[in-house]
Amino acid sequence: MGSKHKLRWAAEGYKPCQHLLAYRLKHGAESFRVLQKCLRAGGTPGRACIKREEKEVPRCASCGRAHGRLYACLLCATIGCWSPPEAPHARLHAQTAPGHDLAVDVDRAELFCCACSDQVYDPDFDRAVIGAQSAPLLGGTAKSYEKEHPINGKDAADCVKRRRGAEYKPWVPTPGEQLALRQGSTPLKEDESLPSGLRGLNNLGNTCFMNSVLQALLHTPPLRNYFLSDRHNRAICQRRAPHLCLGCDMDTIFSAAFSGERTPYSPAQFLYSWWRHAANLAGYEQQDAHEFFISTVDGIHANSGTTSPRARHSQGGRAGDVDCRCIVHRVFSGLLRSDVTCTVCGFTSTTYDPCVDISLDLEPDIGTEKLFVDPVLNGESGGRSSRAASSAFSASTLLGCLDRFTRPERLGANEKFFCQRCQTRQESIKQMSVRKLPLVLCFHIKRFEHSSTRNTSRKVDRYVQFPFFLDMLPYLSSSIVRSRHGNRLLSVDSEETGLPSMHSPFSSEFELFAVVTHSGKLDSGHYVCFLRLSGRWYKCDDAWVTRVSEDVVRASQGYMLYYVQKTLSYKASDLLPSSTPDILDKNGKHGGYSCVSGLPSMVNGV
Amino acid sequence: MMPLCRRASVNRPPTPDVSNDKESEPTLQEIINVKLIESGEKERLKELLRERLIECGWRDELKAQCRAFTRKKGRANITVDDLVRTITPKGRAMVPDNVKAELLQRIRSFLLSDALWP
């Protein structure tokens with residue numbers, strides 16, 4: 001017995017102290033097993049501690065201290081506190097009672113040598129701890145023992161508890177598993193020249209709206225990682241036929257896109273499932289891409305979460321709930337804050353609303369097209385001051401739209417808000433801000449205006465300049481509220497005290513990875529998606545995918561913009577040169593493609 | 001199953017007589033600590049704290065600091081007390097404010113609950 005363990009210790013380069021060796025000699029390794037009954041698993045898995053009655057407070061036998069590190073002697077269960085340099089009562093006990101050097105940390109189940117003043121390690125001790133942790137799984141016979149032998153300094157049998165969770169063993173496939181792997185899979189075609197996952201999508205009849213959004217979703221980093229790591233497995237998903245599961249259909253599309261095949265793919269199954277989910281939008285008419293995005297997110301939320309028991313619980317939460325754990329909400333869901341302030345008494349009412357995207361208004365045309373700001377200069381700089389140079393609240397840039405979105409807005413006389421302090425309807429000021437940023441931010445530029453008076457819809461073609469890197473810090477609730485109060489800490493709102501430190505500087509920086517553009521008129525237009533992969537931009541026009549330069553993307557008419565948090569994008573994509581590519585798309589921003597004839601009317605997205 | 005050293009009971013130090021202690025009055029901190037443990041709230045708070053500190057990356061950073069310290073001192077020359085003494089102030093400083101605020105709020109509302117005080 002002794003030599004086997006000496007070997008084990010030596011293998012790990014560990015030399016047990018003389019006190020531990022002496023103890024083992026005297027009491028044997030089996031003594032540790034007895035102590036197993038005095039241990040129980042702690043709160044988190046992998047942790048163990050000494051058993052105690054529910055309300056029992058372990059205290060030092062000498063001074064009655066109950067906080068800090070407490071050690072229970074292995075032999076007589078006397079508890080001593082340990083707080084050098086003053087009064088380490090555990091060591092005193094070891095000195096007065098020879099042979100009682102070893103003790104166990106009461107809260108952590110760690111073996112400690114009081115004579116050496118340091119932690120020691122023993123494999124039999126560890127085994128007892130592991131045994132104690134798995135006891136509850138096997139029916140927990142140890143519980144009864146606890147009632148008979150509570151530890152409180154009296155004659156309790158000392159138990160050495162083994163801590164540590166299960167040993168880590170790396171997985172090595174058995175020959176049978178290797179055979180299954182070979183037979184059940186096909187190797188991906190390696191094509192180094194093109195980024196993986198880049199594949200055209202066939203237009204199935206005015207489905208360019210779907211293709212554009214699908215391309216963006218296919219390359220949304222957290223979503224792509226989720227599906228590619230098989231987190232939603234369509235083979236074991238319980239919602240399969242006859243029910244529809246948009247998650248499974250997404251999984252199919254991901255597998256097809258990343259398979260290495262470069263011929264265009266037809267997402268017919270997904271289209272059919274989506275028709276069944278959004279029956280009012282079914283048909284071969286051209287639909288609105290933003291509406292498609294919202295209904296797809298909703299569909300994946302509703303139909304997902306069946307492959308893991310925890311996710312099943314999330315279906316109770318309402319759609320868009322920030323706490324929902326389904327993948328689309330974890331990726332896209334953010335929280336908007338709306339403050340309505342009474343102009344008479346200053347009372348502010350705050351509400352929080354979850355959102356999966358931010359829809360931005362364009363200011364009515366006031367002849368701002370002339371102010372075509374230089375994209376290089378204005379693109380990368382944040383802050384409101386630089387944009388004040390251009391016309392106030394000019395909406396020809398994304399940052400201008402965001403300024404407009406978060407500016408204090410005076411509600412009209414016919415929109416009086418009921419003030420709780422005045423107890424009457426008063427004129428008020430409303431201000432929006434972003435309380436919690438999602439991992440992926442989707443901006444929707446409201447280009448489709450529907451006038452209810454004249455019952456017409458029209459499209460606003462105005463160019464909106466968007467930056468490739470975006471810092472949302474000025475639009476966060478913390479910044480907006482702070483600037484409203486002039487940097488004073490007047491507010492007694494308890495939520496606000498937590499705000500300033502909630503977002504570290506890094507988590508408010510975003511970078512653009514996908515742009516869905518619309519070209520043409522309201523009723524006969526075409527959607528195209530630009531994707532940034534490996535530092536290069538690609539134009540995905542249904543089945544035609546071409547590489548384009550950055551300038552083409554900048555000059556395009558953005559309709560939906562997808563930004564991902566900078567911390568989530570891999571460093572590799574920053575290192576690749578994004579300079580002039582080999583194949584330049586000289587066809588201009590609006591490619592010559594038009595929709596299949598039939599030209600039905602387009603539903604507006606407002 | 002071997003009952004261990006019964007003769008140890010002879011050498012065990014006598015149970016301290018609390019009323020003879022010079023400090024007979026427990027401090028407020030001790031009272032609160034005891035109340036937390038008795039009600040089981042301390043366990044829950046520990047779990048919450050553990051979760052928050054893992055989420056915000058505090059644990060990983062501290063682990064890295066411990067490793068660096070251990071490597072510097074040499075694996076054989078380090079004791080638990082050294083680590084605790086050196087790392088504790090760093091760890092305390094690195095806790096994010098919102099975590100502190102949340103925990104304090106929890107403790108405050110626990111102490112204000114009527115069921116606690118006789």
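A residue is called buried here when its relative accessible area is under 20%, a cut-off needed for the views of this predicted model that follow.

**View 1. Strand E15 of chain A is mostly covered.** By that cut-off, six of the six residues in strand E15(A), which spans residues 440–445, are buried. In a regular strand the side chains alternate between the two faces of the sheet. Both faces of E15(A) are covered, with Val440(A), Cys442(A) and His444(A) buried on one side, and Leu441(A), Phe443(A) and Ile445(A) buried on the other.

**View 2. Strand E15 of chain A is joined to strand E10 and to strand E23.** Strands of a sheet pair through backbone hydrogen bonds, either parallel or antiparallel. Strand E10(A), residues 358–360, runs parallel to E15(A) and is joined to it by three bridges, with Ile358(A) standing opposite Phe443(A). Strand E23(A), residues 558–565, runs antiparallel to E15(A) and is joined to it by five bridges, and here Val440(A) has Val564(A) as its bridge partner.

**View 3. Four strands of chain A form an open sheet with antiparallel pairing.** The order of the strands in this sheet is E9-E8-E14-E11. Strand E9(A), residues 348–355, and strand E11(A), residues 409–410, stand at the edges with a single partner strand each, so one side of each is left without a neighbour in the sheet. Two bridges pair E11(A) in the antiparallel sense with strand E14(A), residues 428–436, and Arg410(A) has Ile429(A) in E14(A) as its bridge partner. Helix H18(A), residues 477–484, lies across E8(A), E9(A) and E14(A), and runs at about 145 degrees to E14(A).

**View 4. The largest nonpolar core holds 57 residues.** The members that touch the most others are Phe270(A), Trp274(A), Phe293(A), Phe332(A) and Tyr562(A), while helix H8(A), residues 208–218, contributes the largest share of this core with eight residues. When residues up to four places away in sequence are not counted, Phe293(A) touches Val213(A), Leu217(A), Phe332(A), Val356(A), Asp357(A), Cys442(A), Met560(A) and Tyr562(A). Apart from this core lies another, of 35 residues, which includes Leu336(A), Leu402(A), Leu441(A) and Val528(A).

**View 5. Chain B has six helices and zero strands.** Buried residues make up 23% of the 118 residues in this chain. Among contacts in chain B with a separation of 6 or more, 64% are between residues 24 or more positions apart. Chain B exposes about 8700 Å², of which carbon and sulfur atoms supply 56%.

Definitions and conventions: Residues numbered from 1 in each chain as written. Chains lettered and ligands numbered in written order. Predicted model: local features only at pLDDT ≥ 70, side-chain atom pairs only at ≥ 80, totals over all residues. Heavy atoms only, no water. Pairing = 2+ DSSP bridges. Contact = heavy atoms within 4.5 Å. Axes fitted to C-alpha atoms, helices over the stretch in contact; angles between N-to-C directions. Buried < 20%, exposed > 50% of the residue type's maximum accessible area, 1.4 Å probe, protein only. Core = buried A, V, L, I, M, F, W, Y, C linked by side-chain atoms within 4.5 Å. Areas by Shrake-Rupley, 256 points an atom, 1.4 Å probe, with all protein chains shown as cover.
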